[in-house]
Amino acid sequence: GFSLLQNYPNPFNPSTKIKWQSPTSIWQSLKIYDVLGNEVATLVNEFRSAGNYEINFNASNIPSGVYFYRLQSGSFTETKKMLMIK
């Protein structure tokens, strides 16, 4: 099935890798949010084939703090927490 892995490294400065797996070809969205729920970045927002994916998130332009990343694919949604320390 779908799986969203914990980012690595965590905490990070200034970049981290996010990995996920999709069992089917489907529209996928991976976004970063701050603790207030404001969208900080959209890393993926496109149709992708089934497979394993990895993307690098460079946070050099945002302040230190707690952030959340959320993967949405069809009815699957998963959110994980990450910590940016400058």
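First thing I looked up: is V66 buried, partly exposed or exposed? V66 counts as partly exposed, because its relative accessibility is 30%. My cut-offs are under 20% relative accessible area for buried, over 50% for exposed and partly exposed in between, with a 1.4 Å probe and protein chains only. V66 lies in strand β6; strands are DSSP runs of E with at least two residues, numbered from the N terminus.

Ground rules before I go on. This is a predicted model, so I note that local features need pLDDT of at least 70 and side-chain atom pairs count only at pLDDT 80 or more, while totals for chains, interfaces and linings use all residues. Residues are numbered from 1 along each chain as its sequence is written, and side-chain values use heavy atoms, with hydrogens and water left out.

**Surface patch.** I found V66 again in a nonpolar surface patch with V35, L36, L83 and I85, and together they have about 450 Å² of accessible area. Patch members have over 30% relative accessible area and no salt bridge; nonpolar side chains (Val, Leu, Ile, Met, Phe, Trp, Tyr) are joined within 5 Å, like charges within 9 Å. The areas come from Shrake-Rupley with a 1.4 Å probe, and for residues only the protein chains shown count as cover.

**M84.** This one lies in strand β7. M84 counts as buried because its relative accessible area is 1%. I listed what M84 is in contact with (heavy atoms within 4.5 Å), skipping neighbours within four places in sequence: F12, N13, P14, A59, I62, P63, S64, G65 and Y67.

**Core.** The largest nonpolar core has 19 residues, and I18, W20, L30, I32, F57, Y69 and M82 touch the most other members. Such a core is a set of buried Ala, Val, Leu, Ile, Met, Phe, Trp, Tyr and Cys residues joined through side-chain atoms within 4.5 Å. Two or more residues come from each of β2 (15–22), β3 (26–34), β4 (39–48), β5 (51–58), β6 (65–73) and β7 (76–84). I picked I32 and checked its contacts beyond four places in sequence; among them are I18, V40, L43, F57, Y69 and M82.

**Strand pairing.** Two strands pair if DSSP finds at least two bridges between them. I found an open three-stranded sheet, order β1-β2-β5, with antiparallel pairing. β1 (3–4) and β5 are at the edges with a single partner strand each, so one side of each has no neighbour in the sheet. Two bridges join β1 to β2, and S3 has Q21 as its bridge partner. β3 and β6 are antiparallel over seven bridges, with Q28 partnered by S73. β6 and β7 are antiparallel over nine bridges, and Y69 stands opposite K80. Their hairpin has two residues between the strands, and G74 takes a positive phi near 60 degrees.

**Charges.** How many salt bridges does a search of the whole structure find? It finds five, taking a side-chain nitrogen of Lys or Arg within 4 Å of a carboxyl oxygen of Asp or Glu. K19 and E54 meet at 3.5 Å, N to O; K19 is in β2 and E54 in β5, 35 residues apart. R48 and E46 have their closest N and O atoms 2.7 Å apart. R48 is buried at 17%, whereas E46 is partly exposed at 35%.

Methods
Helices (H or I, at least four residues) and strands (E, at least two) are DSSP runs, numbered from the N terminus.
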